[in-house]
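Open your viewer and keep the sequence panel beside it. This tour tells you what to select at each stop and what you will find there.

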Amino acid sequence: MKVLQALSTSTGSKILVALTGLAMVGFLVGHLAGNLLALFGPDIYNEYSHALISNPLLVPVEIGLVAILVMHMGTAVRMVLRARQARPTRYAVKKWAGGASRKSVASTSMIVTGVLILLFLISHLWTFKYGAWYTDPTTGYRDLYTLLVEVFRSPFNVVFYVICMLLVGMHLRHGISSAFQSLGLMPRSWTARILRAGAALALILGIGFALIPIYVYFVL
Amino acid sequence: MRIHLRIWRQNGPTDQGRFENHTVESVSPDMSFLEMLDTLNETLIRQGQEPVAFDSDCREGICGTCGFLVDGQPHGPDPCTTVCQLHMRRFKDGDHLTLEPWRAKAFPVLRDLVVDRSAFDRIIQAGGYTSVNTGGAPDGNAVPIAKQTAEAAFDSAQCIGCGACVAACKNASAVLFTSAKVTHMALLPQGQVERHTRVLNMVARMDLEGFGPCSNEGECEAVCPKGISLANIATLNREWWKATLLK
């Protein structure tokens, strides 16, 4: 009860969003590493996919990820509503401050990119996790590689995925370094490095994920 | 210089308010922004109209009393400058400027450009003090504090409580103000006794007053007339979770 009370304060909410956000960044790093196996051909990719879906820990991990996602979104939406209440009258003229400000297109559109990423996530799971089930005749494993190639033969899907990965990159551009700030892990001497590292990781994740549909469409 | 002003006018807290246009003639570039408004007010009084209400006291940039938005920027376009230290040489002849009060639920408009900032006083009352009896003035260096620590504490203690951070933040958050006091006290020996209760009580009070959550955008630091750094907010966050775990 005390924990819930603490996490409902403005500072507690920021910390909760930061922790859940960083947990999802950790998931994305693992997901990207796994996905990049697609560049090495169907055998290794399908074997990796089989190892994942046959793992008994998959369901508890998935439940955990859904719980993390729900906490992240729920807290973020609550904070947005709180912020709206905090300024009931808007300014007639308001300019960006510049200088030391870290305000960017990414930071001002977090809730928008967040909602769009959620919609993408639903579509992504529908396409792959719950999509067509092909079986590899030699191993008997699910042939996810064939589905991957089939989906990204469509230029529409490639453009859609690349745009969505741009949104993920944008969300993380502000999100990663912001999480360190919210957790208080941003000492003055490390600020510039953390900001740069957060932006670099966001770029790597965005480009890394976008690389797969582009590779499948143009190379395979 | 001739300056065209679009000023927020509001007769009282319950009045809806509206913008009013005024032109100030013969503005000297050496005038401060508030002196320019004084000139306008003298004209308005001579014409039998109500002068524009705005807060000011020291007019030296150290008391934190003045403050409103000049063309969408708290305290105007100059960095690390209060509006009383903003000078008309910063503007051009014929400029059109919009003047608006701080906008936040926790800072209700009292009249024209004057807002009620007593919410800040209540945040300080919640923990921005030390109740340890420190006696008379101590001898110099009787309590050894490293030079770097003393400098860092002073950087945070420079906050003048003007409210520009709240005005600039898209969420109308008061975390920069609160964190400056929390950091200042956490760095010094006198602040250690109430270190944990202070941060918890001040954050709780800040929420109760209706300020929004931190956006981590740093608009607050960019407009702060004293250059209070976002590093203070990181310190507050760290102090808060440590205090929560140890409670």
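## Stop 1: the two domains of chain B

Between domain 1 of chain B and domain 2 of chain B, the count is one salt bridge, where a salt bridge is a side-chain nitrogen of Lys or Arg within 4 Å of a carboxyl oxygen of Asp or Glu. Select Arg117(B) and Asp55(B): their side chains meet in a salt bridge, 3.4 Å from N to O.

Some ground rules before you go on. This is a predicted model, in which local features need pLDDT of at least 70 and side-chain atom pairs count only at pLDDT 80 or more, while totals for chains, interfaces and linings use all residues. Residues are numbered from 1 along each chain as its sequence is written, chains are lettered from A and ligands numbered from 1 in the order in which they are written, and side-chain values use heavy atoms, with hydrogens and water left out.

Now colour the domains. Domain 1 of chain B covers 3-110, and domain 2 of chain B covers 117-246. These bounds come from an automatic or database domain assignment. The centres of the two domains, taken over C-alpha atoms, are 28 Å apart. Domain 1 of chain B gives 19 residues to the contact, and domain 2 of chain B gives 20 residues. Contact here means heavy atoms within 4.5 Å.

How much area do domain 1 of chain B and domain 2 of chain B bury between them? About 1400 Å², with 65% of it on carbon and sulfur atoms. Buried area is the accessible area (1.4 Å probe) that two parts lose on being put together, summed over both.

Five residue pairs are in polar contact between domain 1 of chain B and domain 2 of chain B, both residues at pLDDT 80 or more. A polar contact is a pair of N or O atoms within 3.5 Å; within protein, one must be able to donate a hydrogen and the other to accept it, and residues adjacent in sequence count only if both atoms are side-chain atoms.

## Stop 2

Select Ser179(B). You are in helix 5 of chain B, residues 175-187. Helices (H or I, at least four residues) and strands (E, at least two) are DSSP runs, numbered from the N terminus. Is Ser179(B) buried or exposed? Ser179(B) is buried, with a relative accessible area of 0%. Buried means under 20% relative accessible area, exposed over 50%, and partly exposed in between (1.4 Å probe, protein chains only). Leave aside the neighbours within four places in sequence, and Ser179(B) is in contact with Asn232(B), Ile233(B) and Leu236(B).

Next, pick Ser26(B). Look for the loop between strand 2 (18-24) and helix 1 (33-46) of chain B. Ser26(B) counts as exposed, at 64% relative accessibility. Beyond neighbours within four places in sequence, Ser26(B) is in contact with Met1(B) and Met31(B). From C-alpha to C-alpha, Ser26(B) and Thr197(B) are 54 Å apart in space, and they are 171 residues apart in sequence.

Check the backbone of Ser26(B) too. Its phi is near 50°, a positive value in a residue other than glycine. Most residues other than glycine have a negative phi.

Move on to Asp112(B), in the loop between strand 6 (109-111) and strand 7 (114-115) of chain B. The phi of Asp112(B) is positive as well, near 45°. Asp112(B) is buried, with a relative accessible area of 2%.

## Stop 3

Chain A has nine helices and zero strands. Its C-alpha trace spans about 65 × 40 × 35 Å along its principal axes. Chain A has 220 residues, and 40% of them count as buried.

## Stop 4: where the chains meet

Show both chains. The contact takes 38 residues from chain A and 48 residues from chain B. Highlight Arg87(A), Tyr91(A) and Gln181(A): they supply 16% of the area that chain A buries against chain B, more than any other three residues. Together, chain A and chain B bury about 3600 Å², 52% of it on carbon and sulfur atoms.

How many salt bridges does the rule find across the interface of chain A and chain B? Two. To see a salt bridge here, select Asp71(B) and Lys95(A), whose side chains meet at 3.4 Å, N to O.
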